[in-house]
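Hi,

Here is the model I promised to pass on.

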Number of protein chains: 2
Amino acid sequence: MTEIAYTERICTDPEYISTFLEHQRVGILGLAGEEFPYAVPVNYLWHEGTIFFHSMGSGRKIELLRSAPAVCFTVYREHGTVTAQMPCHADTAYDSVMIFGQAEQITDAGEAAKALQLLVEKLLPGYYRSQLTPTLIQRYRSSLDGNAVAVFRITPTKLTAKQNHAEPKDLFAPFA
Amino acid sequence: MTEIAYTERICTDPEYISTFLEHQRVGILGLAGEEFPYAVPVNYLWHEGTIFFHSMGSGRKIELLRSAPAVCFTVYREHGTVTAQMPCHADTAYDSVMIFGQAEQITDAGEAAKALQLLVEKLLPGYYRSQLTPTLIQRYRSSLDGNAVAVFRITPTKLTAKQNHAEPKDLFAPFA
């Protein structure tokens, strides 16, 4: 693959990248399409170097994932606009990570249940007392399409990260 | 193109969609790649039914845009996780818009300057007194690669929007 052209902002700190991926909630799944590419936001889990996400068992995303499983998974956070004396030099403060790899549907109910359980704990920490079980995952059918939930994993073939941090005083209306 | 499978959440209110696109700051540009697709966040402007964004004049994004200008442009906002008695029914509250079309680099310096001026006013309202001029756009060269700024437009061939709104009381730790 082509390397990052604008090298000044590359982040190579694996701990920083991992912590960032653990804490963000939404990633964008970039898929190849027929007429157009397809970029769709999903909640995700980053666990032991792997991205996990789930989906209804039918729909456009699933069709594309099955026909072309090579994906890009992008997670970013914008911190605000960095002011500068000249508008040409105004900039954006952000963190972003791009993961490239093959998306594979998880067929093992135990692994799927574990990933979903960790995702629930990430998004709703402390909310549920009971655990998701493989049996529940296997039996559950969506009231919308009658399908079981589909859980996918992406093991990164390549991961790149960029960041541009700024002092709060240099940000225009810093985000909360 | 395939229609949206999960129709319950389709939003068809053009004013709502337009206001949403005007106010969000970042969109994800979904591009076709060779080995993997490419999904990259960019600041953007929605003006008179068109997406405008800019880029350095070199780099991966520009190469891909030139080799395969059919793009997906996705703008979303997550509002939080919607609680439910069963974890299988927990959900995400969000707005999202997906735009499909051809990305074209703007060659007219006047049009590029106008788009950049409106983008500056969107991101840094009231910050600059002087306006970006076509001459400045033509003369400006990045200190990083020596190229002029590249400004692109995407005129939507197709636009779809989805939303899932929830009462704040049903959200887990609602976002500010």
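This is a predicted model: local features need pLDDT of at least 70, side-chain atom pairs count only at pLDDT 80 or more; totals for chains, interfaces and linings use all residues.

A:Glu48 is exposed, with a relative accessible area of 69%. You'll find A:Glu48 in the loop between β3 (45-47) and β4 (50-55) of chain A. Chain B has its own entry of this kind: B:Glu48 is not a glycine either, and its phi is positive, near 50°. B:Glu48 sits in the loop between β3 (45-47) and β4 (50-55) of chain B, and B:Glu48 is exposed as well, at 69% relative accessible area.

On to the interface. Chain A puts 56 residues in contact with 56 residues of chain B. About 4,900 Å² is buried between chain A and chain B, and 71% of that is on carbon and sulfur atoms. Within chain A, the residues that lose the most area to chain B are A:Phe36, A:Pro37 and A:Tyr76, which together make up 13% of what that side buries.

How many salt bridges does the rule find across the interface of chain A and chain B? The count is 2. Polar contacts across the interface of chain A and chain B come to 12 residue pairs, with both residues at pLDDT 80 or more. As for which elements are involved, those giving two or more residues to the side of chain A that touches chain B are β1 (26-31), β2 (38-43), α2 (60-67), β5, β6 (91-105) and α3 (109-123) of chain A. β5(A) supplies the largest share of that side, with 8 residues. Sorted by class, the side of chain A that touches chain B has 36 nonpolar, 14 polar and 6 charged residues.

Now the salt bridges themselves. Over all chains, the structure holds 10 of them. One is between A:Glu78 and B:Arg25, where the closest N and O atoms are 2.9 Å apart. A:Glu78 belongs to strand β5 (residues 70-82) of chain A, and B:Arg25 to the loop between α1 (14-23) and β1 (26-31) of chain B, so this pair joins two chains. Are the two partners buried or exposed? Both A:Glu78 and B:Arg25 are buried. There is also a salt bridge between A:Arg25 and B:Glu78, with 3.0 Å between the closest N and O atoms.

Inside chain B, B:Asp91 pairs with B:Arg9 in a salt bridge, and the closest N and O atoms there are 2.4 Å apart. B:Asp91 is in strand β6 (residues 91-105) of chain B, while B:Arg9 is in the segment before α1 of chain B, so the pair ties together parts that are 82 residues apart in sequence. On accessibility, B:Asp91 is partly exposed at 24% relative accessible area, whereas B:Arg9 has 12% and counts as buried.

Another salt bridge in chain B links the side chains of B:Glu104 and B:Arg153, at 3.3 Å from N to O. Here B:Glu104 comes from strand β6 of chain B and B:Arg153 from strand β7 (residues 150-164) of chain B, so parts 49 residues apart in sequence are tied together. B:Glu104 is partly exposed, with 38% relative accessible area; B:Arg153, at 18%, counts as buried. Over in chain A, salt bridges with shared partners join A:Glu104, A:Glu111 and A:Arg153 into one network.

B:Asp95 does have polar partners, though. Its side chain makes a polar contact with the side chain of B:His79 at 2.7 Å, and B:Asp95 makes another with the side chain of B:Gln163 at 3.3 Å. Setting aside neighbours within four places in sequence, the residues in contact with B:Asp95 include B:Tyr16, B:Phe20, B:Val75, B:Tyr76 and B:Lys162.

Cheers

Terms used: Residues are numbered from 1 along each chain as its sequence is written. Chains are lettered from A and ligands numbered from 1 in the order in which they are written. Side-chain values use heavy atoms; hydrogens and water are left out. A salt bridge is a side-chain nitrogen of Lys or Arg within 4 Å of a carboxyl oxygen of Asp or Glu. Helices (H or I, at least four residues) and strands (E, at least two) are DSSP runs, numbered from the N terminus. Buried means under 20% relative accessible area, exposed over 50%, partly exposed in between (1.4 Å probe, protein chains only). Contact means heavy atoms within 4.5 Å. Buried area is the accessible area (1.4 Å probe) that two parts lose on being put together, summed over both. A polar contact is a pair of N or O atoms within 3.5 Å; within protein, one must be able to donate a hydrogen and the other to accept it, and residues adjacent in sequence count only if both atoms are side-chain atoms. Ala, Val, Leu, Ile, Met, Phe, Trp, Tyr, Cys and Pro count as nonpolar, Asp, Glu, Lys and Arg as charged, and the others, Gly among them, as polar.
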